[in-house]
Structure formats: structure tokens, C-alpha cells
Amino acid sequence: MKFNHRFFGLVTALVMGLSMVLSACQPAAPAKDEVTLKIAVIPVLDTLPMYVAQAEGLFAAHGVKVEFVPVASGAERDQVVSSGQADGMVNEVLSVLFYNKVKTQVQIVRYARTATPENALFRILASSKSGITDVNGLKGVEIGIAQGTVIEYLTERLLQAEGFTPDEIKTVAVPKIPDRLALLNSGELKAAMLPDPTTTVAMNAGAVVVLDDTKHPEYSHSVYSFRKAVIDAHPEAIRGFLAAVEEAVAKINANPTGYNQVLKDHNLVPAALVDTYTCPPFVTQGVPTKAQFDDVLAWAKEKGLLTQDVSYEESVTDAYLPK
């Protein structure tokens, strides 16, 4: 039989064309490690770099999708993460200790904010009606705090660092920040521990700063944490998330008034301040030290909040930070 080259060429062309059409109709293969990271977010300044990373397209540029899950409090945040409705959060070492007291459920992957000698995260303020003008005036005076939280830890550690004895440190539970602020402004509370930038609102109303964490910044920081199961399953997504946050931090630090609209959109700063607010510098990449972690652990055990040790090595990792 004589071979028909023309017929064979026609058939080959038809087959190739059909293959191209079928390929075009097929869905694209998913990107490597494609995952949406769900982040539980309280409306606090610490979360700003994530919102900037989202607004500037930095998460997308690093191949990660991020969805924010708004929550109203630390308690709600922890419920959402514990139930698997969110994968990550901004929290504190103390919160991580509670998660990991039986087994490692979450890991710290980066600082979120830290106090520095120039910029405070928390301040103990005295009411303008109290007559207190310096730290010694706090001896034996009830200070409004949230019990069993980083607020109580910082209050005690800062006062101890100033030489206070246990019987000189007095606190009273006022869990909600707006209530603490209102009672301080009215004079019903002589003193209170409050976070930045709420402290600026109190100071504008006449409250006096008597002690803050700029004197002892090693005690004061917040962190990014993720469920360990998510980290183990999607390590590249965590790396992409942290790379995007790092770029966002650089943008904020280079232009500290440039993202006030983002602050306003997400209620991260009191409304009275937001239009003229200048962001303090955000910390660049890093994780809490073992000494910082162990000090919070020791305090929690002293207070009876924990009865067992929690491993630093299993609770904190810097393996996903940008290289």
C-alpha cells in the first residue's frame, strides 16, 4: 500500500488541534501549596502590617491568600482558633502557653510588636484626680488590670523591676479596656494599666504616665502564632505570609503616617487620634527569646495559671522567617 503523506499530515494536525482544545478546557493545576490562611484579628494596632500587606497586594505577590476573621476579644479569638475556624492570630506568649499546656497546638513564628526604649506598648497611668505623680505613688494603690492576662503580667513585672515588694503591688480586675479608661478618667480608679494608643487618649484627658515598658522593654511584646497543624501542612504559605508582613513593616516604618486610612477603615486606633496619628516603628523579623518565654512561664506558674512546664523549642520557631 502506498503511504499517503498528505493524509497522514492532515490527521496529525487534527489530533494536535483537538489536544490543544481539550487542554484549554481543563482547569489549571493548582499552585503549589495553594491555601487560604484565615487570621483571627482583634481591632488593635498590632495587626496593621497584615492589613497593609493585603491592601498592597503583598500576600498575593508571595503566593499566599489571606482571609481575616474579625473577633472582638482575646477570648473570642482563642475560641475561633481552637475550633479551627482560623489558622493564625496576633496574641502573646501567655496565650501560647495556655494553648500548649497539654500538647503543642500553636507555634509563635514572629514578633508582631515590641516595646523599645523609645516607644511604649503599655503604660501605667494615674488619674488626674489621684494626686499621684511618680511610680512610688503607686505603692499600695489599686491598679486597674485584666486578671490572668499579659496586662497583669506586665503590671507586676514592671513594678517588681522598680523595686516593689509583693505586698506593695495592689490590683483590681477591670477586664474591658473602655471601662478601665472611663474609670480612670472619672477618678474612680486611681491608676490603670492600658495599651498604646489608648494611653494617648487618657493622657489627652489629663492622666499622668507614672511607668511604662520603655524602661523595661524586654517584658513587652506581641506575636504572630499559627496552629501547628497548619504550619506542618503548609510551610510555604507561612513563609509567604511572613515575607509579605516583612515588606509591609518596611513600608509602614518608611511612611508612618501613610496608612492612617487603613487604621481608620479597621478601627485600629481610637477615632479621636486616627487623623493625626503617627505609627511607632514596627519590629522587624525575629521571635521571642527563651529568656522572655521562660519568664512568662515562671510568672504563670507563680500565679497558679499553669502547673507544668511548656517547651520553648516546641512553641517558638524562626524557621519560616525570610532569609
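Reply:

**The packing of H6 and H12**

Helix H6 (residues 150–161) packs against helix H12 (residues 290–302) at an angle of about 100 degrees, and their axes are 11 Å apart. Residues are numbered from 1 along each chain as its sequence is written, and side-chain values use heavy atoms, with hydrogens and water left out. This is a predicted model, in which local features need pLDDT of at least 70 and side-chain atom pairs count only at pLDDT 80 or more, while totals for chains, interfaces and linings use all residues. Helices (H or I, at least four residues) and strands (E, at least two) are DSSP runs, numbered from the N terminus. Axes are lines fitted to C-alpha atoms, for helices over the stretch in contact, and angles run from 0 to 180 degrees between N-to-C directions. H6 and H12 are therefore roughly perpendicular to each other, a label that covers 65 to 115 degrees, whereas angles under 35 count as roughly parallel, over 145 as roughly antiparallel and the rest as oblique.

On the H6 side the contact (heavy atoms within 4.5 Å) is made by Glu 152, Tyr 153, Glu 156 and Arg 157, and on the H12 side by Asp 295, Val 296, Ala 298, Trp 299 and Glu 302. By class, this contact has four nonpolar, no polar and five charged residues, where Ala, Val, Leu, Ile, Met, Phe, Trp, Tyr, Cys and Pro count as nonpolar, Asp, Glu, Lys and Arg as charged, and the others, Gly among them, as polar.

At 3% relative accessibility Tyr 153 counts as buried, and Trp 299 counts as buried at 0%; buried means under 20% relative accessible area, exposed over 50%, and partly exposed in between, with a 1.4 Å probe and protein chains only. The rings of Tyr 153 and Trp 299 have their centres 5.6 Å apart and their planes at 75 degrees, so the pair is edge-to-face. Rings of Phe, Tyr and Trp (its six-membered ring) pair if their centres lie within 6.5 Å, and planes under 30 degrees apart count as stacked, over 60 as edge-to-face and the rest as tilted. This pair links distant parts of the chain, with Tyr 153 in helix H6 and Trp 299 in helix H12, 146 residues apart.

By this rule the count comes to seven aromatic pairs. Another of them is the tilted pair of Tyr 51 and Phe 68, with 4.6 Å from centre to centre and 50 degrees between the planes. Here Tyr 51 lies in helix H2 (residues 48–55) and Phe 68 in strand E2, 17 residues apart. Tyr 51 counts as buried at 10% relative accessibility, and Phe 68 counts as buried at 19%. Phe 59, Tyr 224, Phe 226 and Phe 241 form one aromatic cluster.

Returning to H12, the loop between helix H11 (260–265) and H12 holds Asn 267. Phi of Asn 267 is near 55 degrees, a positive value in a residue other than glycine, and at 57% relative accessibility Asn 267 counts as exposed.
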